[in-house]
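Let's take a walk through a protein model together. Have a look at the fold, and then we'll stop at a few spots.

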Amino acid sequence: MHVLLFLSGVLGNATGLFLFLAPMVTFKRIIRNRSTEQFSGIPYVMTLLNCIVFTWYGLPFVSRNNILIWTLNATGGVIEFTYIVIFIIFAPKKERMKVMGLFALIMTVFSAIASISLLALHGNTRKFFCGVAAALFSTVMYASPLSVMRMVIKTKSVEFMPFFLSLFAFLCALSWLIYGLLSGDPFVLVPNVFGTGLGIAQLILYAIYYKNRNHSESAIKDDFIEMDLENIDQVKKPDSRHL
């Protein structure tokens with residue numbers, strides 16, 4: 001049992017790391033285009049909150065024998081913070097202010113959780129309080145792509161729902177679901193049941209609308225080509241004032 005628990009934790013760390021690194025393709029595009037386009041910054045902020053709360057939950061003075069949990073989430077927190085900084089740099093003003101406001105809110109929430117658990121609670125009560133908070137915000141993190149899924153259904157295109165992000169979100173949730181079952185930790189188990197289901201839903205959406213992605217990209221390219229042709233025609237057209 002201990003071997004299976006350790007292996008599921010290692011698998012959860014591996015898939016979790018891939019999950020955190022998967023958006024690199026998206027942010028490479030953002031940096032290249034110097035625009036966040038229609039990408040949402042909310043999932044990255046909520047993932048950061050999940051990481052810092054679960055890092056706190058996994059520390060020895062809160063819950064014992066959870067080194068695999070806090071090491072993964074500490075690493076993920078650094079990565080997600082980097083994504084947020086890049087997103088804020090290239091986002092339009094309205095989106096930038098929304099992400100910055102949400103970031104300030106989650107840091108306030110975490111500060112309150114850490115202060116209450118450290119100063120007012122002890123032993124199992126501290127573990128329970130932090131575990132409930134971690135499970136709650138993990139569920140919120142898994143729910144954060146719902147707005148993107150709604151856009152996919154509305155536009156019938158998966159252009160702004162990266163495949164590898166959806167795939168590794170599913171694999172990570174499934175791995176930690178198994179870890180939660182084997183360890184008997186409900187604070188790990190419950191949110192990852194929800195995350196596994198939502199990951200399956202994202203992959204189903206991707207399978208349904210994947211073929212429309214190329215069509216959508218072609219339509220966008222055609223629009224740009226048409227705009228360029230119009231600009232060329234305007235340049236070539238003689239000014240009537242000089243006739």
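Start with glutamate 37, which sits in the loop between helix 2 and helix 3 (helices are DSSP runs of H or I with at least four residues, numbered from the N terminus). Glutamate 37 isn't a glycine, yet its phi is positive, at about 50°. It is partly exposed, with a relative accessible area of 29% (buried is under 20%, exposed over 50%, partly exposed in between, using a 1.4 Å probe and protein chains only).

This is a predicted model, by the way: local features need pLDDT of at least 70, side-chain atom pairs count only at pLDDT 80 or more, and totals for chains, interfaces and linings use all residues. Residues are numbered from 1 along each chain as its sequence is written, and side-chain values use heavy atoms, leaving out hydrogens and water.

Arginine 34 is found in the loop between helix 2 (24-33) and helix 3 (42-58). Arginine 34 also has a positive phi, about 55°, without being a glycine. Is arginine 34 buried or exposed? Arginine 34 is exposed, with a relative accessible area of 61%.

Now jump to helix 8 (residues 163-183) and helix 9 (residues 186-209), which pack at an angle of about 150° with their axes 8 Å apart. Axes here are lines fitted to C-alpha atoms, for helices over the stretch in contact, and angles run from 0 to 180 degrees between N-to-C directions. Helix 8 and helix 9 are therefore roughly antiparallel to each other (under 35 degrees is roughly parallel, over 145 roughly antiparallel, 65 to 115 roughly perpendicular, the rest oblique).

Notes:
Helix = DSSP H or I, 4+ residues; strand = E, 2+ residues; numbered from the N terminus.
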